Amino acid sequence: QVQLVESGGGLVQAGGSLRLSCAASGTIFRINAMTWYRQAPGEQRELVARITSGDSTIYADSVKDRFTISRENAKNTVYLQMNSLKPEDTAVYYCYTYYGRDYWGKGTLVTVSS
């Protein structure tokens with residue numbers, strides 16, 4: 001069984017920063033792509049950033065140059081450094097991976113005040 005546990009969300013003013021963490025169980029972490037998604041109230045879930053096992057990354061256009069995804073294999077953890085936050089970044093942020101099936105964390109709430 002794979003477990004993904006997110007942390008690091010909270011309330012921040014516009015222009016501020018937060019770092020989200022996703023702790024993953026199991027050895028699959030080292031060989032799998034890990035993805036951050038987010039879902040704002042009334043909106044569909046959207047991809048924010050992805051990092052592959054080879055450390056290639058992709059970002060949504062809306063977060064490019066502001067967010068950075070990284071992974072620390074020794075700690076089975078993936079991070080999302082979020083800078084220059086905007087009110088439109090307010091959402092629940094989820095960690096996701098695929099290993100035979102979809103695995104999702106429960107999410108962490110990020111609220112950006114104007």
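Figure 1. From the N terminus on, the elements read β-β-β-β-β-β-β-β-β-β-β. The radius of gyration, taken over C-alpha atoms, is 13 Å, close to the 13 Å that the globule rule gives for 114 residues, so the chain is as compact as a globular protein of that length. That rule is 2.2 Å times the number of residues to the power 0.38. Along its principal axes, the C-alpha trace spans about 40 × 25 × 20 Å. Of the 114 residues, 40% count as buried; buried means under 20% relative accessible area, exposed means over 50%, and partly exposed is in between (1.4 Å probe, protein chains only). Among contacts (heavy atoms within 4.5 Å) between residues at least 6 apart in sequence, 52% join residues at least 24 apart.

A note for all views: this is a predicted model, in which local features need pLDDT of at least 70 and side-chain atom pairs count only at pLDDT 80 or more, while totals for chains, interfaces and linings use all residues. Residues are numbered from 1 along each chain as its sequence is written, and side-chain values use heavy atoms, with hydrogens and water left out.

**Figure 2. An open sheet of four strands.** To find your way across, follow the order β1-β3-β8-β7, with antiparallel pairing; two strands pair if DSSP finds at least two bridges between them. The edge strands are β1 (4–7) and β7 (67–72), and each of these pairs on one side only. Neighbouring strands of this sheet are turned by 15° against each other on average, direction ignored. For this angle, axes are lines fitted to C-alpha atoms, for helices over the stretch in contact, and angles run from 0 to 180 degrees between N-to-C directions. Between β7 and β8 (residues 77–82), six bridges make the antiparallel pairing. Look for I69, whose bridge partner in β8 is L80.

Figure 3. Is S21 buried or exposed? S21 is buried, with a relative accessible area of 17%. Leaving aside neighbours within four places in sequence, S21 is in contact with V5, E6, S7, W36, T77, V78 and Y79.

**Figure 4. The largest nonpolar core, with 26 residues.** A nonpolar core is a set of buried Ala, Val, Leu, Ile, Met, Phe, Trp, Tyr and Cys residues joined through side-chain atoms within 4.5 Å. Which residues have the most contacts inside this core? They are W36, L80, M82 and Y93. The elements that give two or more residues to the core are β3 (18–24), β4 (34–39), β5 (46–51), β7, β8, β9 (91–98) and β11 (108–113). The largest share, four residues, comes from β3. Around Y93, leaving aside neighbours within four places in sequence, the contacts include L20, W36, V48, F67, L80, M82 and V110.

**Figure 5. Two hairpins, β4 with β5 and β5 with β6.** Five bridges join β4 to β5, which run antiparallel. In this pair, R38 stands opposite E46 in β5. Six residues lie between β4 and β5, and G42 in the turn has a positive phi of about 75°. Moving on, β5 and β6 pair in the antiparallel sense over three bridges, and the bridge partner of A49 in β6 is Y59. This hairpin has five residues between its strands, and D55 in the turn has a positive phi of about 70°.

**Figure 6. A network of salt bridges that links R38, E46, R66 and D89.** Side chains of opposite charge can pair when their charged atoms come close. A salt bridge is a side-chain nitrogen of Lys or Arg within 4 Å of a carboxyl oxygen of Asp or Glu, and the structure holds four of them. R38 and D89 meet at 2.9 Å, N to O. This pair links distant parts of the chain, with R38 in strand β4 and D89 in the loop between β8 and β9, 51 residues apart. R38 is buried at 5% relative accessibility, and D89 is buried at 0%. D89 also forms a salt bridge with R66, the closest N and O atoms being 2.8 Å apart. R66 lies in the loop between β6 (57–59) and β7 and D89 in the loop between β8 and β9, so the pair ties together parts that are 23 residues apart in sequence. R66 is buried too.

**Figure 7. The salt bridge between K64 and D61.** The closest N and O atoms of this pair are 3.2 Å apart. K64 is partly exposed at 43% relative accessibility, whereas D61 is exposed at 65%.
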